[in-house]
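These are my notebook entries on a structure I went through with its sequence alongside. I set down what I looked up, entry by entry.

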Protein chains: 2
Amino acid sequence: MEVAKVAIVGYGGVGACAARLLLNNSERISRFAGRRVELARVVDCDLKRPRNFTLPPGLLTDDLDGLLADPEITAVMELVDSAESARSITLKLLESGKDVITANQTLLAEHGTELFSLARQVGRSIAFEAAVAGGIPAVAAISECLTANRIESIHAILNGTSNFILSQMEENESEYEAALAEAQQCGYADANPALDVGGGDTAQKLAILAHLAFGASVDWREIPRVGINVVGLDDVRYARELGYTIKLLAVAELAPEGLELHVSPTLVRQGTPLAEVRGAYNAVRIVGDAVGRIFLHGLGAGQMPTASAVVSDLIDTLIGRHAISFRTLNLWPTEVAPTVPLRNPADVTGRYYLRLYADDRPNVMSEITGALGRHNISISSVIKHETEEGSDSVVPLVIMTHRTSEGSIAAAMKPISQFGCVHPGSLRMRVRD
Amino acid sequence: MEVAKVAIVGYGGVGACAARLLLNNSERISRFAGRRVELARVVDCDLKRPRNFTLPPGLLTDDLDGLLADPEITAVMELVDSAESARSITLKLLESGKDVITANQTLLAEHGTELFSLARQVGRSIAFEAAVAGGIPAVAAISECLTANRIESIHAILNGTSNFILSQMEENESEYEAALAEAQQCGYADANPALDVGGGDTAQKLAILAHLAFGASVDWREIPRVGINVVGLDDVRYARELGYTIKLLAVAELAPEGLELHVSPTLVRQGTPLAEVRGAYNAVRIVGDAVGRIFLHGLGAGQMPTASAVVSDLIDTLIGRHAISFRTLNLWPTEVAPTVPLRNPADVTGRYYLRLYADDRPNVMSEITGALGRHNISISSVIKHETEEGSDSVVPLVIMTHRTSEGSIAAAMKPISQFGCVHPGSLRMRVRD
């Protein structure tokens, strides 16, 4: 039986799981790959750090150049944390004639065009199923299985950490900070969770999906985004009272005016599939003109589910399937025809949840609702729980609007937040029915 | 740009939708296929029947031999209804050097080994994503995206007609016959729905999935199966009262003793993803050792979702990806190592729902529960609604058991159904918590 030598660069949690799969499931993996898959090198600059998997002796090395110079190794799993290191390593791997498999969505969102362009130039491929929605085959679904369809929309939960925190807040009535600390304890959130809870990670993944599904070449920083770090336990409770659950949604939706893209905590109607996505799970809901609605659900975070996607991509690469996808399906084209303009975010319409802290005194309600009315925003419902008369306190006021535009609601909220009766910390969230 | 000539054999509903996609989305499909995809011939023995799509003149023909003799046509979508005709046409297509794409699960379940063996012999491929779960990429998920995993279980809803009927019974309190008539009116159920409502269609699809996921070569007729035609509106109501929804489940589960396979109407706990699958939707829940639980949901019936899978398979075939899957992933091997023995169905354990019609008189309950006790079956709950004393009527009695084996429950039900106090028409269903 032919032997295929492969390597891992970046021996952290996902790297250890990929090594474990390759060594423990080797019979099965070799059967699918049609050749014996041999893990020949594992490269990391830190040889001392304790790992949760013990490699056979002699496999772990800090000699990247040795790997680059080994012509027998044709496919490498690049699982380095830092996007900058990953970029320079990936460039070197491609230049030395190796196919690359990566799980790093920041790498692709930041440097995708450069890397894919080099890969095409040198006749190699980059596989990246693991970079979006972990173990869920979302990349394959969009770029391989639904090719007969014009994709109309994608609604997705793509950040396991954020979804875990929101689930904790909802199920255990935890405050945001306590839920974040628990996510960190469980190993879901980094010590610096800004990219997760600020929506950046989700925006990077959405940029990748938008590229695949709509051919939209968009810088992830330009996608309007709000993270879950603005959501309080109060909001989770009001949402529940109104029949909704709060989820960090990534949205890509094709309209006649262009492609709508945004990431934001959103009130999702209880009982719908997206609302039922709990804990560290991810989900991707895709609508295609022929297939209708497809819903994919699975573990989006976690080392083993990510390694599952990495190793399946490795097999795909070794048997030559991925080279064909990469070349013919023109994944991540360097030059994208500007057929899909981005829609002006201010024009995107929808319903909104507004939560204000306001003085509990006469005229407050009329001032706020008057300001909404001046922007032609009509009110669907109001929650103001009963308070003691003359308590002179600050009370939460929740308003659900009818359909309006992002531009109108932003314009209305500007003066409202400056009213003397309105205290800092107002929040608006999108509503999905 | 290179041109790829393709053809359709069998111009029914799915054929018309596939033609519509190829002609209306041709720019998009050609881009993905890396060549201009030209629908060169549509073959059907009936040229007169009205269709919901009008082909350009000259395309429709009843000349199958002309197609077989045309060397320029390299890939053919075989969409003939009858499995027998489909078999002989597929053999001819393969022999004349054409790759085949099919949506016919009966064809594969009945003649898979013969067809796949011939395809290998002549160096052609057969693609069949559309044959299981329509538009859901279940075949790709199992055979291409989860190759790093040892699959542990599959639980699936694979028959849109049965699920539609069960949903109608539940949501509209329809009797079975009325719901079936509605399914026929909506075009979901055939005039002869026996294969759908008897569980045969689901068993055929389960046999295909078991082949892909577990390498289990099993005749679909040998899979223990019960259809939904035994379920009454009463059962739907009792299930709801107990916190369950009835679904026709296909189950493949790996145990140390072997592979458990069966198809049966099953009480599924309300609120779980499988319970929420409504109408003509299908769903596939897969557990892999690395990826954990993956849940795929989408339209399983319907001409357009099926055509979506057929045309995506066509693209996969034209660009050469499917040939690699077919060859290297060894889809549907002719010789399967008997590594996965089938588990004796009598040994499979689980909870059961029993519904009996019994005389409303003393000693009945004790006779029935005594018979269960003699087979060591312990009772979890009983529903016997209050009746007027001395009414001397026949009343429904519902018993939920604790975990027992299929063998024990079958052995206990045999004497119970012969008790004088028990009337014909008893039902037992599996329970999934």
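Predicted model: local features only at pLDDT ≥ 70, side-chain atom pairs only at ≥ 80, totals over all residues.

Entry 1. I began at strand 3 of chain A, where A:Leu60 is the bridge partner of A:Val42. I then looked up the pairing as a whole: strand 2 (residues 36-43) of chain A is joined to strand 3 of chain A by two bridges, and the two strands run parallel.

Entry 2. In which order do the six strands of the open sheet in chain A lie? I recorded the order 3-2-1-4-5-6, with parallel pairing. Strand 3 (60-61) and strand 6 (126-127) of chain A are the edge strands, each pairing on one side only.

**Entry 3. Chain A overall.** I listed 15 helices and 16 strands for chain A. Of the 433 residues in chain A, 53% are buried. For contacts in chain A between residues at least 6 apart in sequence, I found that 74% join residues at least 24 apart.

**Entry 4. Strand 7.** I next examined strand 7 (residues 151-157) of chain A, which is mostly covered, with five of its seven residues buried. Which strands does it pair with? Strand 7 of chain A runs antiparallel to strand 10 (residues 281-288) of chain A, and six bridges join them. Within strand 10 of chain A, A:Val287 is the bridge partner of A:Ser153. Strand 7 of chain A is also joined to strand 8 (residues 244-255) of chain A, by four bridges and again in the antiparallel sense. There I noted A:Ala252 of strand 8 as the bridge partner of A:Ile154.

**Entry 5. Domains of chain A.** I recorded the division of chain A into domain 1 (3-134 + 305-328), domain 2 (138-300) and domain 3 (347-432). Between domain 1 and domain 2 of chain A, the C-alpha centres lie 27 Å apart. How many residues of each are in contact? I found twelve residues of domain 1 of chain A in contact with 17 residues of domain 2 of chain A. On the domain 1 side, helix 5 (residues 105-122) of chain A gives the largest share, four residues. That side of domain 1 of chain A divides into seven nonpolar, four polar and one charged residue.

**Entry 6. Chain A against chain B.** I then turned to the contact between the chains, which takes 44 residues from chain A and 44 residues from chain B. On the side of chain B that touches chain A, at least two residues each come from helix 2 (26-33), helix 6 (138-145), strand 11 (292-299), helix 12 (303-318) and helix 13 (321-328) of chain B. Strand 11 of chain B supplies the largest share of that side, eight residues. By residue type, the side of chain B that touches chain A divides into 25 nonpolar, 14 polar and five charged.

Entry 7. A:Leu296 has B:Leu296, in strand 11 of chain B, as its bridge partner.

Conventions: Residues numbered from 1 in each chain as written. Chains lettered and ligands numbered in written order. Pairing = 2+ DSSP bridges. Buried ≥ 20, exposed ≤ 12 C-beta atoms within 10 Å, placed from the backbone. Contact = placed C-beta atoms within 7 Å. Nonpolar A, V, L, I, M, F, W, Y, C, P; charged D, E, K, R; others polar. Domains from an automatic or database assignment.
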